[in-house]
Amino acid sequence: MSQKTERRGIHVDQSELLCKKGCGYYGNTAWQGLCSKCWREEYQRVRQKQIQDDWALAEKLQREEEAAAFASSHGAPAQAQSTPPSSQSQSSLGPFSKFEEKKTNEKTRKVTTVKKFFSPSSRTSSKKDSPEVKTSSPSTSRHASFDSDQVSKDFADFLKSMQRPGREIHKQCRSFLLSMSSKKDLNAEEVSECVQDFYQGLADRLTSHFKGSSESVEQVMDQVEKYIMTRLYKSVFCPETTDDEKKDLAMQNRIRALHWVNIQMLCVPMDEEIPEASESVVKAITDIIEMDSKKVPRDKLACVTRCSKHIFAAIGSTKREPASADDFLPALIYIVLKANPPRLQSNIQYITRFCNPSRLMTGEDGYYFTNLCCAAAFIEKLDAQSLNLTPEEFQSYMSGQASPQFDRSRLAADSDPAATSPALAQLRRNLDLLSDLDARQEALMEAARKLHAELPAWSESVRREVRDALEKQPLTLSRPAVTDNADANELPPQRSGGPSFG
Amino acid sequence: MAAAGGGGKSFSFKVVLLGEGCVGKTSMVLRYCENKFNDKHITTLQASFLTKKLNITGKRVNLAIWDTAGQERFHALGPIYYRDSNGAVLVYDITDEDSFQKVKNWVKELRKMLGNDICLCIVGNKIDLDKDRNVSTEEAESYAASVGAKHYRTSAKLNSGIEELFLDLCKRMMEAAQVEERSKGNGGGQSASGRRGVQIVDDEPQAPPTGGCCSSG
């Protein structure tokens, strides 16, 4: 096959270009030599099979469980009872697979849009799903739904432990997903309404029929949310019926335009010079960005909560007293501005629409999420007044004509990377010390060399002086120093400049 | 979010804390939830979201206290915070006339947005600083009465009046929740279904038949 492909570069036989299925249309190597129509059939066949496998897996798990339940209560009829579900899976396959197909198509169309590039996770997932990229072999599509496979399996495992209510829940969830797949024309709010109604109905049913305690109901609802929303994610996150995507982009640009907003303007009680504080800030930013990669509303919510906790840690290591909302909200706004989280509006909308309301409206998670909504709203409406700036200042910063560093030294400090990182500052200080030491060493060497150079000259000069002195005053006469009178008489008359003895 | 999981045996309430920057909101909740004031040993890292479990006349009450950012620049965000709350504690500083004016603004706004569904408490904090008082108790009390709120006098520093304030508020919220439940007729099992305004009771039983139908076919 590969040889053939190589030869094709030189000589192309007409027959080789045609679809391998022999339908008369032209094929394409990207589609394994099939024409677009045959490729789609082939692709659908594989996909159908995969979905069938998924269902079979779920069915198998359920059958096992049912069989166990019936075996314990009815004995023999268990076998008979266990068969119908499989036929159900067959009948349910039709609409569901179509639903899947539509989602895939939607995904493919969306891949081209800019926002996909902002989120690494969505990029990879769209890559996995879109038939364009997956050209090499349709079997790779198995990976596409790996996540949801895993989730389905976990869900089935979880329900298995619950006996009768478990089966009931499973049935409810499946029929709900089925009914959702047939309601494609709903707008986002209606879909949200359906999902919320389902949550509510199921929770009520669990409470009234199965007498579940509120904790266990909560636990089940978490699992249900995970299962349902992983399945629905692709079709209901940032759906095309809404302008979420537009809002995302607007937000993204808005935050980018506000890059000059600093910690002082927002009066955030965080000092990033403190290593622990700046570390927490980085973690908070990571968490809020990570939110986009989660599929289940509750997981997204957990990211917001983690982010908030890191913010509190940052404030805590700066202020050493519990942070109030007065401290927290500005800090969160600052983090959001710094992070510019991908698809912020879509995520907020998605959580609002599909999160289990009991979690969202009360509880700590709900509080932090509300603050995130506030931060987003504040950023959208932010003006000169909200930063304590004059409108002129605000305008010039927004237009990029000026930058908000107030004096020269501040500017220097900010453009200096050392200002942002204490480690760098330390490094810089050490380097300064080293270069100082180096300079002093150099000076010392220079002085030594000079000394070395001067030394011969000095000894020469000493020698000369000595010679001069000797010439002027020969040493021969040094001994008779004591006998002055006699000496004076013996000696020849002295030259005037010499060392005088008399 | 309206109260009551499991047929009125327990309640959960959301209470927002409103008030200007330095009126002592944070000290107040910390005093209430941790019984500490300006203490080095405060364990919590944050005082913006605190919970308290109470038992009032044999009924369990979960109280979630939401602090709000008091700075003027965040004023417009109020509605996002107090949406679905059962009670609001509006705090002013008795030495600060301005903070009382702020409270009046909040009350107006809350009544406009939430009507009478919310229990309002107007709280004059820092009564330990009575000598610097700038807001008279009579004025504040008559104002509170005129807007259907209750007035309280507290000091976080002296731990005075705070316990009473929250206990009273809880009782009022319980009453309100029970009244609402009764007016709805079928309180009982369908808890908290008011939020969405849609009765799903009809919708839900349809789901099992669809499942059953499929399994038979």
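A salt bridge here is a side-chain nitrogen of Lys or Arg within 4 Å of a carboxyl oxygen of Asp or Glu. By that criterion the structure, which is a predicted model, holds 27 salt bridges over all chains. The tour starts with several of these and then turns to the sheet of chain B.

**Stop 1: charged pairs in chain A**

Select helix α3 of chain A, residues 36–73, and show the side chains of R45(A) and E42(A), which both lie in this helix. These two residues are three apart, about one turn of the helix, and their side chains meet in a salt bridge of 3.0 Å, N to O. R45(A) counts as exposed because its relative accessible area is 53%.

Next, select helix α21 of chain A, residues 422–472, where R463(A) and E460(A) are likewise three residues apart, about one turn of the helix. R463(A) forms a salt bridge with E460(A), and the closest N and O atoms are 3.4 Å apart. E460(A) has a relative accessibility of 33% and is therefore partly exposed.

Then display D287(A), E290(A), K294(A) and R306(A) together; these residues are linked in a network of salt bridges.

**Stop 2: helix α15 of chain A**

Select residues 325–339 of chain A, which form helix α15. Continue to N340(A), which follows the helix and has a positive phi, near 45°.

**Stop 3: cysteines**

A disulfide would require the two sulfur atoms to be within 2.5 Å, and over all chains the count of disulfides comes to zero. C374(A) is buried, with a relative accessible area of 0%. For another cysteine, select C33(B), which is partly exposed at a relative accessible area of 21%.

**Stop 4: the sheet of chain B**

Colour the strands of chain B. Six of them form an open sheet with mixed pairing, in the order β2-β3-β1-β4-β5-β6. The edge strands are β2 (49–56) and β6 (150–153), each of which pairs on one side only. Neighbouring strands of the sheet are turned by 25° against each other on average, direction ignored.

Select β1(B), residues 10–19, together with β3(B), residues 59–67: the two pair in the parallel sense over eight bridges. Within this pair, F13(B) stands opposite L63(B). β1(B) also pairs with β4(B), in the parallel sense, over five bridges, and here G19(B) stands opposite V91(B).

The pairing of β4(B) with β5(B) is parallel and runs over seven bridges, and V91(B) stands opposite V123(B) in β5(B).

Now show the side chains along β4(B). In a regular strand the side chains alternate between the two faces of the sheet. In β4(B), G87(B), V89(B), V91(B) and D93(B) point one way, whereas A88(B), L90(B) and Y92(B) point the other way. All of these residues are buried, and the strand as a whole is mostly covered.

**Stop 5**

Select T26(B), in helix α1 of chain B, residues 25–34. Which residues does T26(B) contact, leaving aside its neighbours within four places in sequence? The contacts are S324(A), A47(B) and D67(B). T26(B) counts as buried, because its relative accessibility is 19% and the limit for buried is under 20%.

Move to P79(B), in helix α2 of chain B, residues 78–82. Not counting residues up to four places away in sequence, P79(B) touches E109(B) and M113(B). P79(B) and E109(B) are 30 residues apart in sequence, and their C-alpha atoms are 8.8 Å apart in space. At 27% relative accessibility, P79(B) is partly exposed.

**Last stop: a charged pair in chain B**

Select K131(B) and D132(B), which form a salt bridge with the closest N and O atoms 3.6 Å apart. K131(B) is exposed, with a relative accessible area of 73%, whereas D132(B) is partly exposed at 38%.

Note on methods
Residues numbered from 1 in each chain as written. Chains lettered and ligands numbered in written order. Predicted model: local features only at pLDDT ≥ 70, side-chain atom pairs only at ≥ 80, totals over all residues. Heavy atoms only, no water. Helix = DSSP H or I, 4+ residues; strand = E, 2+ residues; numbered from the N terminus. Buried < 20%, exposed > 50% of the residue type's maximum accessible area, 1.4 Å probe, protein only. Contact = heavy atoms within 4.5 Å. Expected span 1.5 Å × (residues − 1). Pairing = 2+ DSSP bridges. Axes fitted to C-alpha atoms, helices over the stretch in contact; angles between N-to-C directions.
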